[in-house]
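Please look over the structure shown below before turning to the briefing that follows. The points are grouped by topic.

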Amino acid sequence: MAQAIAPNKPSPNKPSPNKPGANKLRRRKNLRPAGFDELGLRRALDDRMLPALVAAMAFLAALGLAGFFVAASLARHWQDGAASTLTVQVPDPGLAMEPGSARGETRRDRVVAMLARTPGVVSARALSDDELNELLAPWIGAGPNNGLERLTLPLPGVVQVRLGATPPKLDELERQLAAAVPRTLVESHQVWIGRLATLARSLQACAGGVLVVVAGVAAAVVAAATRAGLVQRRQAIEIVHGLGATDGYIAGRFTRRTTRLAAIGGLLGATAALPVLLGLAQLGAPFVSGGAEAASAGFPQLPALLWFGLPALPVAAGAIGFVTAQATVRSWLRRLP
Amino acid sequence: MIRFEGVGLSYPRSAAMQAGTVPDEAGRRRSDTREILRNLNFFLPDGEFRWLLGPSGAGKTSVLRLLYLAVRPTAGRLTILGADISTLNRTALPRLRRRIGVVFQDFRLLGHLSAFDNVALPLRLAGRPEGALTVDVMELLAWVGLDGRTDARPHELSGGEQQRVAIARAVVARPALLLADEPTGNLDDGQAERLMRLLKELNRLGTTVVIATHNDALVARHPAPALRLDQGRLLSARRN
């Protein structure tokens, strides 16, 4: 006995048969369970409430994340489209140019030829009557008794232009076209598409703000749960602290539990959000190029980054749980000597 | 080595009342501090044994709180186990606490842990491997007569049994300094004598032992130098 309690001297580890209690050592080898809970945190940090609250936050975060990526994708798509295409309208497209022009060349032919020669233009293609008919069908109807055949309106010719990486100056192009073929109009789409892109960027910023707010609320939820746990287990913490536990040891005990509970909540929230996002993607498929086909084939498309973002939610939730619990517990422990 | 040099301790008045260390003065609310200990000066070489004596409210518990690093002195200079507590960095205190064993009057056991886990806790906090700590814990539990109750929770134990668990926890890490506040309060005479033999044995092996008690009979049976306190002041540090 004296050897076992001698101050600061190691004692033999092997049990001696004639020492009291030695006969019980064999069944005592693995006495400390893996989840040894000396602070009693299983009672203090409820394993239902915290995951449920974090799951709700993760669900909202998943929606915000989807909004962020979709808005970013739309803004990029629209901006790219606005920068790379323009439409040229040619009134009286079938009229022949003046007698000096080459072999009955029409006004439309002249515009297309001029555009094709313009540096920075990749292609210039005049829409056919059928294509125009299809374009106007939503407004004037389609079929043999409807459409352009019934109309006596003088419709302009429409030339679709694709621009290269260094597009020409539009004002100058419009002036040149109008000088050669009077009343020709160049419509760049840039103003409207630019406004839509700005709107999409604003929505993206809002979605980002939602993510920040959700993360903040999740941190507040974890901090409140941790503080409640600290208050509830105050006596146990003070005892363990008095026995020589460091702040890092105690904070680690809290952190291990809050990280696990928050990550479980994040996983539940992200899992719950997935079918909702797939449903929204199905609804939005017709508005995305190539999306309708994929949706009809039974595979609604989510933004590619979302497939990385959704699995990251439990990780982010766990990280919020870890950092918040560490900060909360360490701050609380500083009041102890 | 323990050295008190002009050590004083003051609590904020509200905290002092809350802790029960000073009487409530008819509900008066004042924001000043209450001086609990005044100008304590004494020196304890390593391996000494001291009784800590004095009437209720004399400051015995406060001296013990200073010694087990629950509070820092608000005046003077305090050295414990060679470390200057007044200036020691807070991050260095846990290591020092692990060298100090304490038997509290109210035991302070963790109610959700078994007797074995309560006793093993200081060793686990010190990072002792499970295989290495089991022997010591079982030996101590057997020595205090609780080898059949290792899995019992504190609420399943009598007051005396709880106190024996607390004693085992205090000595299991073989502390350099052992402090006890009325350690025989819930023990019968036989158990009290066994405890005193253990404490003296620890002391003989080099542990500094300080025991606060009201038990005059116990002090008479085990004569040793005493620190006598009254109203926060040290009256004497002479042999009992």
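Two strands are taken to pair if DSSP finds at least two bridges between them, and helices (H or I, at least four residues) and strands (E, at least two) are themselves DSSP runs, numbered from the N terminus. This is a predicted model, in which local features need pLDDT of at least 70 and side-chain atom pairs count only at pLDDT 80 or more, while totals for chains, interfaces and linings use all residues. Side-chain values use heavy atoms, with hydrogens and water left out, residues are numbered from 1 along each chain as its sequence is written, and chains are lettered from A and ligands numbered from 1 in the order in which they are written.

**The sheet of chain B**

**Strand β7(B) and its partners**

- β6(B) and β7(B) run parallel and are joined by 4 bridges; B:V102 stands opposite B:L179, and B:V103 has B:A180 as its bridge partner in β7(B).
- β7(B) also pairs in the parallel sense with strand β8 (residues 208-212) of chain B, over 5 bridges, and here B:L178 stands opposite B:V209.
- Between β7(B) and β8(B) the chain passes through helix α7 (residues 189-204) of chain B, in a β-α-β crossover that is right-handed, meaning that, with the strands pointing away from the viewer, the path from the first strand over the helix to the second runs clockwise.
- In strand β7 (residues 177-181) of chain B, 5 of 5 residues are buried, where buried means under 20% relative accessible area, exposed over 50% and partly exposed in between (1.4 Å probe, protein chains only).
- Both faces of β7(B) are covered, with B:L177, B:L179 and B:D181 on one side and B:L178 and B:A180 on the other.

**Helices against the sheet**

- B:S62, which is found in helix α2 (residues 60-67) of chain B, counts as buried because its relative accessibility is 4%.
- Beyond its neighbours within four places in sequence, B:S62 is in contact (heavy atoms within 4.5 Å) with B:L9, B:Y11, B:I36 and B:L37.

**Aromatic rings**

- Over all chains the structure holds 4 aromatic pairs; rings of Phe, Tyr and Trp (its six-membered ring) pair if their centres lie within 6.5 Å, and planes under 30 degrees apart count as stacked, over 60 as edge-to-face and the rest as tilted.
- One of these pairs is A:F68 with A:F69, whose ring centres are 5.8 Å apart and whose planes stand at 75°, so the pair is edge-to-face.
- A:F68 counts as partly exposed at 26% relative accessibility, whereas A:F69 is buried at 16%.
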